Amino acid sequence: MAAAAEEAGLGHPSRYVQLTRDQDAPADEDIRPGELNQPAHFPQLEQRRCCECGQQLPESYEAPADEPWTTGICGCAEDTESCWTGSFFPCVLFGHNVEALREDIPWTTPCTCHAVCVEGGIALAILTVIFPGIDPSTSILIGEGLVFSWWLFATYTGIFRQQLQRKYHLKDSPCDPCLVHCCLHWCANCQEHRERKGRLADNNANRNTIVNPPPMQEMSVVGNHPSITPENGAA
């Protein structure tokens, strides 16, 4: 085609390249699997918009945390199952709460951390009190270490409570999340489970759509054709 273009008297050479059989095909290792099917990135479609009016929201926008909790901090008796689990196996309940918020974290990881920090700290405190032969200075040092570890663990659990509040736009109740877990850890653990369980049940109920089928209709030959009557229908 390049020769044809030159014969036609065009002022610029043709951009078409004539392929011959002597040319080698591209090697297989030059093309990586999935390289040609990468998803396209459109920043305009990823911008957050208001669900009410559809306006574009700025990147620094945060929804107001003003919704109340469905249950109180001392409402453990409202869900007996989570109350018993949170009382005797709080590490298991805490692990499932974290797994529901963070799918990339298995429930066994926070469960083990809870068992080591809380249950292990309680066992160490009981052993320190039972054995009176421990030096008083050593007992004071162990007590200070347990108090400091409790503050760290309250901060750790308070972070996940804060994530739950951001997810459902919940306000601080009754106070800061870390302080709630520091003073009322068992009650806060059960409250978070009840809140998550109630929100999940509400979402499932809203997604169910009841569709009533139309009433069954029967076609009548006599009604469609007035000239046909039951007496002369055979005719």
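Okay, let's start with two helices: the axes of α3 (residues 90-101) and α5 (residues 136-168) come within 10 Å and cross at roughly 45°. That angle makes α3 oblique to α5, because anything under 35 degrees counts as roughly parallel, over 145 as roughly antiparallel, 65 to 115 as roughly perpendicular, and the rest as oblique. The axes are lines fitted to C-alpha atoms, for helices over the stretch in contact, with angles from 0 to 180 degrees between N-to-C directions. The α3/α5 crossing is left-handed, meaning the near helix is turned anticlockwise from the far one by less than a right angle.

Who makes that contact? On α3 we have Phe94, Val98, Ala100 and Leu101, and on α5 there are Tyr156, Thr157, Phe160, Gln163, Leu164 and Lys167. Sorted by class, that's seven nonpolar, two polar and one charged residues. For the classes, Ala, Val, Leu, Ile, Met, Phe, Trp, Tyr, Cys and Pro are nonpolar, Asp, Glu, Lys and Arg are charged, and the others, Gly among them, are polar. And contact here means heavy atoms within 4.5 Å.

Quick housekeeping: this is a predicted model, where local features need pLDDT of at least 70 and side-chain atom pairs count only at pLDDT 80 or more, while totals for chains, interfaces and linings use all residues. Numbering starts from 1 along each chain as its sequence is written, and side-chain values use heavy atoms, with hydrogens and water left out.

Now the overall picture. The protein chain has eight helices and zero strands, where helices (H or I, at least four residues) and strands (E, at least two) are DSSP runs numbered from the N terminus. Buried residues are 20% of the 235 in the chain; buried is under 20% relative accessible area, exposed over 50%, and partly exposed in between, with a 1.4 Å probe and protein chains only. Of the contacts between residues at least 6 apart in sequence, 64% join residues at least 24 apart.

Back to α5, which has another partner. Helix α4 (residues 108-130) packs with α5 at about 155°, axes 11 Å apart, so the two are roughly antiparallel. This crossing is left-handed. From α4, the contact includes Pro110, Cys113 and His114, and from α5, Trp150, Phe153 and Tyr156 are among the residues. The tally is 11 nonpolar, four polar and no charged.

Asn189 sits in helix α7 (residues 185-207) and, at 1% relative accessibility, counts as buried. Leaving out residues up to four places away in sequence, Asn189 touches Pro90, Leu93, Phe94, Asn97 and His181. Its side chain makes a polar contact with that of Asn97 at 3.0 Å.

Ser82, in helix α2 (residues 80-88), is buried too, at 2% relative accessibility. Beyond its neighbours within four places, Ser82 contacts Leu93, Cys190, His193 and Arg194.

Most residues other than glycine have a negative phi, and most peptide bonds are trans. So what is the phi of His169? It's positive, about 55°, although His169 is not a glycine. His169 is in that loop and, at 29% relative accessibility, counts as partly exposed. Pro174 is in the loop between α5 and α6 (177-183) as well, and a cis peptide bond joins Ser173 and Pro174, with omega about -5°.

Conventions: Polar contact = N/O pair within 3.5 Å; in protein donor to acceptor, adjacent residues only side chain to side chain.
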